[in-house]
Amino acid sequence: MEFSNTQIEIRDLPAIEHVTFRSLKKEYLTVSRISFVISFLVILIIGLVLFFLIDRFRTPVLIYSSAAVFIFLSVLSWVTTTISFKYSGYAIREKDILFRHGWFICKTRVAPLKRVQHVSVQSGPIERKFGLASISIYTAGSDEADLTIRGINTETAQQIKEWLTSQMNGEINR
């Protein structure tokens, strides 16, 4: 047996720019915003409790600066969530599944089908209200999900799970 390790030219690699990503469901933006509001309300309640219980937190400088930071972070989070949603998507190819998200820092995760060992579909109470689910894909050598696609409808998530399961069981040629 002869050893071979030929160098691959960068120009010969497939370009990810040619992949057509499927958009997440528009309802997912609503779900994200509801989760965002709930989180910020909890932070606001904690801040108000601290304000009323601890006298040192009642100085005008601390009150105004805290309010300004809270409002700034709220608006910033709302805007980045909205913009990030537009850049998020997923693609399923013959040999892998991809998930892209983010706009300022764009991340693309790839899970090779040969390494997929477990797939789960989950849906929280707010997602269920809007008919959405998330699918998590676990690959060999990892305790956590390597790729989680949020914001797809429940039926699509189940279809993807069944297809990936059939791939893992060898029902379809890899």
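Colleague: Which element gives the most to the lining of the second largest pocket?

Modeller: That's H2, with four residues. Keep in mind this is a predicted model. H1, E3 (96–101), E4 (107–112) and E7 (147–153) each supply at least two residues as well.

Colleague: OK, now the largest pocket. What volume does it have?

Modeller: About 450 Å³. Helix H1 (27–53) and helix H2 (60–86) are the elements that give two or more residues to its lining.

Colleague: What does that lining look like by class?

Modeller: It has 15 nonpolar residues, two polar and no charged ones. Of the 17 lining residues, Gly47, Leu48, Ile63, Ser66 and Ala67 lie nearest the centre.

Colleague: Switching to the sheet with E7 in it: what's the strand order?

Modeller: E5-E6-E7, an open sheet with antiparallel pairing. E5 (116–122) and E7 are the edge strands, each pairing on one side only.

Colleague: How many bridges join E6 to E7?

Modeller: Five, with E6 covering residues 132–139. In that pairing, Ile135 stands opposite Ile149 in E7.

Colleague: And which helix lies across those strands?

Modeller: H4, residues 154–168, lies across E5, E6 and E7, and runs at about 165° to E5.

Note on methods: Residues are numbered from 1 along each chain as its sequence is written. This is a predicted model: local features need pLDDT of at least 70, side-chain atom pairs count only at pLDDT 80 or more; totals for chains, interfaces and linings use all residues. Side-chain values use heavy atoms; hydrogens and water are left out. On a 1 Å grid over the protein atoms alone, a cavity is a set of points where a 1.4 Å probe fits but cannot get out, and a pocket is an open set with protein on both sides within 12 Å along at least five of seven lines; lining residues have an atom within 4 Å of a point. Grid points are joined across faces, edges and corners, and a volume is the space filled by probe spheres set on the points. Ala, Val, Leu, Ile, Met, Phe, Trp, Tyr, Cys and Pro count as nonpolar, Asp, Glu, Lys and Arg as charged, and the others, Gly among them, as polar. Two strands pair if DSSP finds at least two bridges between them. Contact means heavy atoms within 4.5 Å. Axes are lines fitted to C-alpha atoms, for helices over the stretch in contact, and angles run from 0 to 180 degrees between N-to-C directions.
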